[in-house]
Amino acid sequence: MTSKREVLISGGGIAGPALAYWLGRYGFAVTLVEKAGGLRGGGYPIDVRGTALEVVRRMGILPRLRAAHVDMHKFTFLDVSGDEVAVVDPRLIDGSVAGQDLEVRRGDLAEALHAAVGDDVEFVFGDSIATMTETGQGMDVTFASGRRRTYEVVIGADGLHSRTRESVFGPEDRFHHYLGHCFAGFTMPNILGLAHEGVLWSTPGRAAVLYAAGDGDEVHGFLNFAREDPPFGAFRDPAAQRDLVAATFADAGWRVPDLVAAMREADDLFFDTVSQIRMPAWSSGRVALVGDAAYAPSFLTGQGTSLALVGAYMLARSLAVHPGHEEAFAAYERDTREFVTLNQAHVDGGGSVMFPATQEAMDRRDAMLRDLTADPVPMERPAHSALTLPGVAGEPADGGGRWSFHTVPAGERS
Ligand SMILES: Cc1cc2nc3c(=O)[nH]c(=O)nc-3n(C[C@H](O)[C@H](O)[C@H](O)COP(=O)(O)OP(=O)(O)OC[C@H]3O[C@@H](n4cnc5c(N)ncnc54)[C@H](O)[C@@H]3O)c2cc1C
């Protein structure tokens, strides 16, 4: 029998493995259950910026991520006819700090996190939580596979449409703030021969993006469109998603028909709404949420992954420092919420640059881009670094010497 504190994490995306890493390092017995059959690659690039860089540095994966950095040289904006509006340095529009912030393929980050976690954490792929019951001793969990086990706490790291959140806090629509757009992302042939660059075609309320993270034969295609109501009916129906996107772009010019055709063929289509999750509390009893499940900021902020990494660090540290889950969850929320709120607030800037909804907004955007090209001024985002991470629990301030955690009985330490 283990005397370690047992934690179940639901979701093996970004927040889940990052949390598993830190809890494992603090001596918890961690099980991570992921409903997909294996690690979900998905190659589109994501940003790791500001405070989140310090998290990955402390995990020892910064050199690996630096080597995987996607060095984007330019972003070209096109008008409805495919003529060039402006060519900009991508860092000028996304608030990244040159030479510091990272952009890596999501799959590269997922693999680096997974490799860092090591063998101490029990990964269970192809399973999920079926039922949870809180008792005085812990959370009794039954899995879809029929397995049963009791954990001290359960953490939902299962993304924007979190089942954990739904089962403990109620239906998604209470917390889901739809930002008026839907998008489809997929891998497609590099039809324009792009290298380390992005190209964005747009009309009011619609945009088609080709994003070449490298100079290979494949690029990431994105089709983004404004829509008054979220298409809830399409969420669990890939054929309906494809039809909806194709119908929305049916009369579009430039190379959009090629993107639509590629979207229809893609085997890695990722369709979702552009939305935020905003919750009055991130925990209830023995269950807490982390990452998109608790506070998805939407890709318009470019901060989803960074919030997931920072949230995972803060939650693990709080659990390591506080012997009781109630104090731990309260500390996690108290110390992290302001950072989340500041970063969620950056949504308007992203939307108006990438996806203006009206012709007037588009004209304003184009004028701004031309000014930016003539007189480059980086848009700094202090929110990215607004949280100074507390030290690693149990580690001496000088970083040397022995580790010691109250969660690991002395006899079990190596
Ligand atoms: C394959 C993939 C592609 C993505 N593409 C985009 C994109 O193009 N644009 C964008 O803005 N964001 C995208 N995201 C979301 C983005 O990765 C997150 O915003 C961000 O990284 C925060 O990470 P997270 O760990 O909180 O959530 P996520 O990265 O979404 O991870 C959640 C994980 O939980 C798993 N899961 C879900 N339900 C259950 C369940 N019931 N039981 C067990 N596991 C469950 C999922 O399979 C997933 O692995 C994508 C996510 C995935 C998984």
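Which residue of β13 is the bridge partner of Phe77? Leu200 is the one. Keep that pair in mind as you go through these close-ups of a predicted model.

**View 1. Seven strands line up in an open sheet.** Read across the sheet and you get β5, β4, β13, β14, β15, β12 and then β16, with mixed pairing. The edges belong to β5 (84-88) and β16 (270-277). Each of these two has a single partner strand, so one of its sides is left without a neighbour in the sheet. Going from one strand to the next, the twist averages 20°.

**View 2. Helix α7 packs on the sheet.**

**View 3. Strand β4 pairs with β5 and with β13.** With β5, β4 (residues 74-78) runs antiparallel, and four bridges link the two. Look for Thr76 here, whose bridge partner in β5 is Val87. With β13, the pairing of β4 is parallel and has five bridges. This is where our opening pair sits, Phe77 with Leu200 of β13.

**View 4. Strand β13 is largely enclosed by the rest of the structure.** Why say "enclosed"? Seven of the seven residues in β13 (residues 197-203) are buried, so the strand is largely enclosed.

**View 5. A hairpin takes you from β13 to β14.** The two strands run antiparallel and are joined by seven bridges. Find Glu197 and you'll see Ala212 of β14 opposite. Between the strands of this hairpin there are two residues, and Gly205 has a positive phi near 80°.

**View 6. Helix α1 is largely enclosed too.** Nine of the eleven residues in α1 (residues 15-25) are buried, so the rest of the structure largely encloses this helix. Among the buried ones are Tyr21, Trp22 and Leu23. What covers them? The cover over the buried residues of α1 includes strands β1 (6-10), β2 (29-34) and β11 (153-156), along with helices α2 (51-58), α5 (106-117) and α10 (304-321). After α1 comes Gly27, with a positive phi near 90°.

Definitions and conventions. Residues are numbered from 1 along each chain as its sequence is written. This is a predicted model: local features need pLDDT of at least 70, side-chain atom pairs count only at pLDDT 80 or more; totals for chains, interfaces and linings use all residues. Side-chain values use heavy atoms; hydrogens and water are left out. Two strands pair if DSSP finds at least two bridges between them. Axes are lines fitted to C-alpha atoms, for helices over the stretch in contact, and angles run from 0 to 180 degrees between N-to-C directions. Contact means heavy atoms within 4.5 Å. Buried means under 20% relative accessible area, exposed over 50%, partly exposed in between (1.4 Å probe, protein chains only).
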